[in-house]
Amino acid sequence: QLQFVESGGGLVQPGGSLRLSCAASGFYLDNYAIGWFRQAPGKEHEGVSCISTSDGSTYYADSVKGRFTISRDNAKNTVYLQMSSLKPEDTAVYYCAADSLPPGISVQTMCVIIPFGSWGQGTQVTVSS
């Protein structure tokens, strides 16, 4: 059974930074797409960033490009989301999710179009002064 432990959320002032962690268990992160998604009140569910565990290719939503960085440590079965220059509009519950990456499908396609099968419980990020 796939399980995730998310951590790193909290309250931060605009312009600040946070690092989210997603530690996976129950499977080995090989040839998976791991993603961070967010849900804010009154807004659509958004794919923030995704990474392929096999070749490290990444995707970022336009709203976070240049500010967020996704990375993975396959030895620790953990994926990170480094968030910098945070804005109030980044306030949301952030979820880690994973699914196998089919051959020929890009990580961008997975992040934007294809629903992920396994999800974490979410961690709250609040950006406010």
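Predicted model: local features only at pLDDT ≥ 70, side-chain atom pairs only at ≥ 80, totals over all residues.

Visitor: In what pattern do they follow along the sequence?
Guide: Reading along the sequence gives β-β-β-β-β-β-β-β-β-α-β-β. The radius of gyration is 14 Å, close to the 14 Å from the globule rule for 129 residues, so the chain is as compact as a globular protein of that length.

Visitor: What does the C-alpha trace span?
Guide: About 45 × 25 × 25 Å along the principal axes.

Visitor: And how many of the residues count as buried?
Guide: 44% of the 129 residues. As for contacts with a separation of 6 or more, 58% are between residues 24 or more positions apart.

Visitor: What about the surface? How much belongs to carbon and sulfur atoms?
Guide: 49% of an accessible surface of about 6300 Å².

Visitor: New topic: D90. Where is it found?
Guide: D90 sits in the loop between β8 (78–83) and β9 (92–100).

Visitor: Does D90 count as buried or exposed, and why?
Guide: Buried, because its relative accessibility is 1%, and the cut-off for buried is under 20%.

Visitor: Which side chain joins D90 in a polar contact?
Guide: That of R67, at 2.7 Å. A polar atom of the D90 side chain also lies 2.8 Å from the backbone nitrogen of K87.

Visitor: Leaving aside neighbours within four places in sequence, which residues is D90 in contact with?
Guide: R38, R67, F68, S85, V125 and V127.

Visitor: Last one, on charges. How far apart are the mean positions of the positive and negative ones?
Guide: 7 Å, for 8 positive and 10 negative charges.

Notes. Residues numbered from 1 in each chain as written. Heavy atoms only, no water. Helix = DSSP H or I, 4+ residues; strand = E, 2+ residues; numbered from the N terminus. Buried < 20%, exposed > 50% of the residue type's maximum accessible area, 1.4 Å probe, protein only. Polar contact = N/O pair within 3.5 Å; in protein donor to acceptor, adjacent residues only side chain to side chain. Contact = heavy atoms within 4.5 Å. Rg over C-alpha atoms; globule rule 2.2 N^0.38 Å. Areas by Shrake-Rupley, 256 points an atom, 1.4 Å probe, with all protein chains shown as cover. Lys, Arg positive; Asp, Glu negative; His and termini not counted. Charge placed at Lys NZ, Arg CZ, Asp CG, Glu CD.
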